Amino acid sequence: MFYGIGFEYFWRRITEKITDVKFSQTPESFLICRNSKTVFVIAKHPVAFGLKNEYFHNIGRAIAANLA
């Protein structure tokens, strides 16, 4: 597992072999996508400066919405 938006390149390299994965940017500045089996999220590192709990609540909501 990689933590932080700075590792986006590596996530894209890992998922480029999975043809049905296309990340989309959210208003909260994290990337999310879903294929038939997995929800992928690229988010800021948990100790990044200035993050509030709401950022992570929004990630959880987005994951839940993608699972529904």
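I began with glutamate 54, which is partly exposed, at a relative accessible area of 40%. This is a predicted model, so I keep its confidence scores at hand.

**Entry: the salt bridge**

Glutamate 54 sits in helix α2. I looked for its charged partner and found arginine 61. The two side chains meet in a salt bridge, at 3.0 Å from N to O. I count arginine 61 as partly exposed, since its relative accessible area of 46% falls between the 20% and 50% limits. The structure holds 1 salt bridge, and this pair forms a salt bridge. I also checked a distance from glutamate 54 to glutamate 28. They are 26 residues apart in sequence, and their C-alpha atoms are 9.5 Å apart in space.

**Entry: confidence**

I read the pLDDT next. The chain averages 84, and 96% of the residues score at least 70. Where is confidence lowest, and where is it highest? Helix α1 has the lowest mean, at 80. Helix α2, residues 53-67, has the highest, at 93.

**Entry: the largest core**

Which residues make up the largest nonpolar core? I list 7 in all: Trp11, Val21, Phe23, Leu31, Cys33, Phe40 and Ile42. Strands β2 and β3 (39-42) each supply at least two residues of this core.

Leucine 31 lies in strand β2. Is it buried or exposed? Leucine 31 is buried, because its relative accessibility of 5% is under the 20% limit. Leaving out residues up to four places away in sequence, leucine 31 touches Ile5, Glu8, Arg12, Phe23, Ser24, Gln25, Phe40, Val41 and Ile42. Of these, I note that Phe23, Phe40 and Ile42 also belong to the largest core.

Valine 21 lies in the loop between α1 and β1. Valine 21 counts as buried, at 12% relative accessibility. With neighbours within four places in sequence set aside, valine 21 is in contact with Thr15, Cys33, Asn35 and Phe40. Cys33 and Phe40 are listed in the largest core too. From valine 21 to serine 36 I read 15 residues in sequence and 9.4 Å in space, C-alpha to C-alpha.

**Entry: the surface patch**

I turned to the surface. Phe7, Tyr9 and Phe10 form a nonpolar patch there. Together they have about 310 Å² of accessible area. Phenylalanine 10 has its place in helix α1, residues 8-15. Phenylalanine 10 is partly exposed, with a relative accessible area of 39%.

Most residues other than glycine have a negative phi. Serine 29 has a positive one, near 75°. Where does serine 29 sit? I find serine 29 in the loop between β1 (24-25) and β2 (31-34). Serine 29 is partly exposed, at a relative accessible area of 30%.

Technical notes
Residues are numbered from 1 along each chain as its sequence is written. Side-chain values use heavy atoms; hydrogens and water are left out. Patches are made of residues with over 30% relative accessible area and no salt bridge: like charges are joined within 9 Å, nonpolar side chains (Val, Leu, Ile, Met, Phe, Trp, Tyr) within 5 Å. Accessible areas come from the Shrake-Rupley method with a 1.4 Å probe; for residues, only the protein chains shown count as cover. A salt bridge is a side-chain nitrogen of Lys or Arg within 4 Å of a carboxyl oxygen of Asp or Glu. Helices (H or I, at least four residues) and strands (E, at least two) are DSSP runs, numbered from the N terminus. Buried means under 20% relative accessible area, exposed over 50%, partly exposed in between (1.4 Å probe, protein chains only). pLDDT is the predictor's confidence in each residue, from 0 to 100. A nonpolar core is a set of buried Ala, Val, Leu, Ile, Met, Phe, Trp, Tyr and Cys residues joined through side-chain atoms within 4.5 Å. Contact means heavy atoms within 4.5 Å.
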